[in-house]
Structure formats: C-alpha cells, structure tokens
Amino acid sequence: PVDNILLAEYNAKNASSYQIAGKGEAVTKLATQTVYSMRKFNGSEYTFESISKGLLSVGICDYMKVGANYLDIYSGSNITTEGADWKLSRQNVSINDYKAEAGTMPSDIYPYIISDKTVLSSTDVVYDDGKELYTFTLHLDPILSVLLYYKQVKRSGGLEGDPEFEYVTLNVTIDENWNFVCTDFEEKYTALKFGLKNNCVGSLHATYMFENEVTLPIAV
C-alpha cells in the first residue's frame, strides 16, 4: 500500500494539470463545520482554496507559480460552502514564512507525511474487477504523519491552539496506471476554539482529475 500511494503521488506530481476537489465536515459538540478544498495546477501555477463554513466561516486561497520562492495569499468574502470572492491580502510571502504558518504547500497532492515510518498498519490492496480499480486503507501515526498538516488544520479552522490528533485513516482508490481516483480522510483531534477544547471528528472525500483544462479561481 505505501509503495502504491507513493507511485500515485509521483504520477500526480508529473501530470501536466490537475484538480483535486475535497468535500467533508468537521463535527464537534458545539457545531458542525462544512469543509471544502480545491487544489488546482494548470501547468505553471498552483492554487489551494480552503473553506470552512459554519459557526465561523474562514476562506483562504493560496497562489504560487512553479519555481517561485514566494506565494500570494487571498482572503475570502461572501463565503459559501464551495466558494468565495477572493481578494489579495498578502503578497510575496516567502516559502519559509508560509510553511511556518500553513505547513503544507499548494503543490502537495495530499497533506500527510506518508512513508514506512508513518504508517502504523494497512490493509491489503484489493482489486475490483467490475470497476477495474484498486483500493486500500492506511492507518497513520497521529503525530508523525501530521507534523506539517496540523498547521493547515489550525489555519483553515481558525483555531486558537495546535490541534492534537488521536487517529488518522486514509482510504485510497487508484486505477491500474497508479492514478488517484479518490481518497477519503478520516481523523479525530482535539481543537481549541472560543477558549474551549473540543473533540473534533473530521472527514473529507477528495476526487481527482488529471490532464484537463484548469481555470484558476483568481485573476492574476
């Protein structure tokens, strides 16, 4: 399973273009937040939209050119569950400063660190003859696998402290050419919001499209 997901990641990063759309929710005792993300690559530019809507609505869109050593960050207004009006809020943010704040990069295919050292257990790879697809599940180390991702969760959720993860599960579907078809993330963490610590269960279903025409959400 680890080899298969790394091969799929390699293929994705070498694609001429892609769109990765994620839809899910983050559920606590206080409220349920809808979660939406969209990663786009048009061959020369990346964008990453992250929207959390509910008791508190947060919308962020990050923009980066291939080979650039800086990013531009856009803030959202008129936020909906799957979109926002984007306005440039911070320009020429260095990659080091961005990583310190957001953890993962707009060019990352998925937010977790996945390797033999971060996978606690996995299922066998199962082939579906009817759909001609392969599926498998990875149970990730809730500390090592999120060393970058926890910053993204804190930022996109507008949290007041670092989230502490209890478990992370990743269900993966790929085709016979090691292309991602879809992934399902399931995770549980403690989130500090409004001065209170709450257990949060998050889920996200991501679908992948490669080698297609991509329109960026912002006009550069």
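Trainee: Where does Pro 1 lie relative to α1?

Mentor: In this predicted model, Pro 1 sits in the segment before α1, which covers 2–13.

Trainee: Why is Pro 1 called partly exposed?

Mentor: Its relative accessible area is 27%. Buried would need a value under 20% and exposed one over 50%, so with 27% Pro 1 falls in between and counts as partly exposed.

Trainee: Which residues does Pro 1 touch, leaving out those up to four places away in sequence?

Mentor: Ser 122, Thr 123, Val 125, Phe 136 and Leu 138. Take Val 125: Pro 1 and Val 125 are 124 residues apart in sequence, yet their C-alpha atoms are 6.3 Å apart in space.

Trainee: OK, on to charges. How many salt bridges does a search of the whole structure find?

Mentor: Seven. One of them joins Asp 62 and Arg 155.

Trainee: What makes Asp 62 and Arg 155 a salt bridge?

Mentor: Set the distance against the cut-off. The closest N and O atoms of the pair are 2.8 Å apart, and the rule asks for a side-chain nitrogen of Lys or Arg within 4 Å of a carboxyl oxygen of Asp or Glu. So Asp 62 and Arg 155 qualify.

Trainee: Why say that this pair ties together parts of the chain?

Mentor: Because Asp 62 belongs to strand β4 (residues 58–65) and Arg 155 to helix α3 (residues 149–157), parts that are 93 residues apart in sequence.

Trainee: Are Asp 62 and Arg 155 buried or exposed?

Mentor: Asp 62 has a relative accessible area of 1% and Arg 155 has 15%. The limit is under 20%, so Asp 62 is buried, and so is Arg 155.

Trainee: How do you know that Glu 101 forms a salt bridge with Arg 155?

Mentor: Their closest N and O atoms are 3.0 Å apart, and the cut-off is within 4 Å. Glu 101 lies in helix α2 (residues 95–102) and Arg 155 in helix α3, so this pair ties together parts that are 54 residues apart in sequence.

Trainee: Which residues are linked in a network of salt bridges?

Mentor: Asp 62, Arg 90, Glu 101 and Arg 155.

Trainee: What about Asp 162 and Lys 154, how far apart are the closest N and O atoms?

Mentor: They are 3.3 Å apart, and the pair forms a salt bridge. Asp 162 is partly exposed at 42%, and Lys 154 is partly exposed at 31%.

Trainee: Zooming out, how do you know that the radius of gyration agrees with a compact globule?

Mentor: With 220 residues, a compact globule would have a value near 17 Å, and the chain has 17 Å, so the two agree. Along its principal axes, the C-alpha trace spans about 45 × 40 × 30 Å.

Trainee: What is the secondary structure of the chain?

Mentor: Three helices and 12 strands. Buried residues make up 47% of the 220 residues.

Trainee: And what share of the contacts with a separation of 6 or more comes from residues 24 or more positions apart?

Mentor: That share is 55%.

Trainee: How far apart are the mean positions of the positive and negative charges?

Mentor: For the 18 positive and 29 negative charges of the chain, 10 Å.

Note on methods:
Residues numbered from 1 in each chain as written. Predicted model: local features only at pLDDT ≥ 70, side-chain atom pairs only at ≥ 80, totals over all residues. Heavy atoms only, no water. Helix = DSSP H or I, 4+ residues; strand = E, 2+ residues; numbered from the N terminus. Rg over C-alpha atoms; globule rule 2.2 N^0.38 Å. Buried < 20%, exposed > 50% of the residue type's maximum accessible area, 1.4 Å probe, protein only. Contact = heavy atoms within 4.5 Å. Lys, Arg positive; Asp, Glu negative; His and termini not counted. Charge placed at Lys NZ, Arg CZ, Asp CG, Glu CD.
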